[in-house]
Every structure is written in C-alpha cells, then in structure tokens.
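Read the following alongside the sequence and the coordinates.

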Amino acid sequence: MCGIAGIVGGDGSPGKREELARLMVGGLAHRGPDGFAFFAERECAFGFCRLAIIDPEAPATAFANETGTVTSVANAEIYNASELRARLAERGHRLRSQVDTEVLPHLYEEHGVDLVPLLDGMFALAIWDARARRLLLARDRAGVKPLFYWLGDGEIAF
C-alpha cells in the first residue's frame, strides 16, 4: 500500500496548502512507512507515503515529466508498466527509475485524461498539469485502491 493526499484551489496560501497536505499524509503513514514526498506550488500541494515494493532503492517522490509541468502521485501497482515504459522510451521520454508509477506524468503528456484506460492494475492517482491548471484524479475500475475527496469553497481535497 501507499497513500496519497492533496489539496487544490481555494483561497488559502500555498504554505497553508502544503501544511494541510503534510497533515493528511501523516494520517496515512501506516500505509507507506518507507518514505514520504511532497510537491507544492501556487495552487496545489500533494503528499505521498510509499510502501517500497517495486524498485525499493528508488526514493519516494512525486514523479514529474522532463519539464516539470506535469506531476503525479499514486497509490498503485501498474501491471503493464514495463510495456508502457518501453512505448514512452520509444517516443523520447526519459524515465529514471523502475518504479511503475513513474510512467504516469509521461502518459498524461501523450494521452491526457485518456491515459486511464491504458492502465492495467490497481490505482488511485492524482496528476497536476501546471500548464492547464488542471487536476486529474482517478482510480482503478474495480475501486481496489481507495480515493476519497471533498469539494467546497472552490477547492478539492483528496
């Protein structure tokens, strides 16, 4: 297991969003004791706790595309990650680890929200597209990985 949490939008300050993301991930620490990562910018903050199963030596991180404009966190096991990784490499993407979820921001670059049907596995994911100022939240079709969210006051927390 892993855990993801985040907050996007609202009137709060970037520091307040990051503080809230850190608190939310703290509540999920039992799901992923092998590392923590955080990502924050003006409109959003994500947090992630990792249970290292695939590529356990890789650091816990929010994965980004080569330009840093698309960032993702996920609680996932992507069964077809090696196939997706090979296709992305053929198209010039540079992935730095063997962690299955590193494919997510690159797939988003190639397919946008249509990346979800390409994923074979169990997942709950969040992808932030800084250029479009867009958040994508998705989970696997069977709902194996939980994804809860709250909407209100111009913000979304998950």
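The accessible surface of the protein is about 7800 Å², and carbon and sulfur atoms account for 53% of that area. Areas are computed by the Shrake-Rupley method with a 1.4 Å probe, and for residues only the protein chains shown count as cover. The model is predicted: local features need pLDDT of at least 70, side-chain atom pairs count only at pLDDT 80 or more, and totals for chains, interfaces and linings use all residues. Residues are numbered from 1 along each chain as its sequence is written, and side-chain values use heavy atoms, with hydrogens and water left out.

Of the 158 residues in the protein, 49% are buried. Here buried means under 20% relative accessible area, exposed means over 50%, and partly exposed lies in between (1.4 Å probe, protein chains only).

The protein contains three helices and nine strands. Starting at the N terminus, the order of elements is β-α-β-β-β-β-α-α-β-β-β-β. Taking contacts (heavy atoms within 4.5 Å) between residues at least 6 apart in sequence, 55% join residues at least 24 apart.

Next come the charged pairs. Side chains of opposite charge can pair when their charged atoms come close. A salt bridge is counted when a side-chain nitrogen of Lys or Arg lies within 4 Å of a carboxyl oxygen of Asp or Glu. By this rule there are six salt bridges.

Which residues does Arg-133 pair with? One partner is Glu-41, with the closest N and O atoms 2.9 Å apart. This pair links distant parts of the chain, 92 residues apart: Arg-133 sits in the loop between β6 (121-129) and β7 (134-139), and Glu-41 in strand β2 (residues 36-41). Another partner is Glu-43, at 2.3 Å from N to O. That pair also links distant parts of the chain, since Glu-43 lies in the loop between β2 and β3 (44-49), 90 residues from Arg-133. Arg-133 is partly exposed at 31% relative accessibility; Glu-41 is partly exposed at 23%, and Glu-43 has a relative accessible area of 23%. Glu-41, Arg-42, Glu-43 and Arg-133 are linked in a network of salt bridges.

A further salt bridge joins the side chains of Arg-87 and Glu-83, at 2.6 Å from N to O. The two residues are four apart in helix α2 (residues 81-90), so about one helical turn separates them. Arg-87 is partly exposed at 39% relative accessible area, and Glu-83 is partly exposed at 43%.
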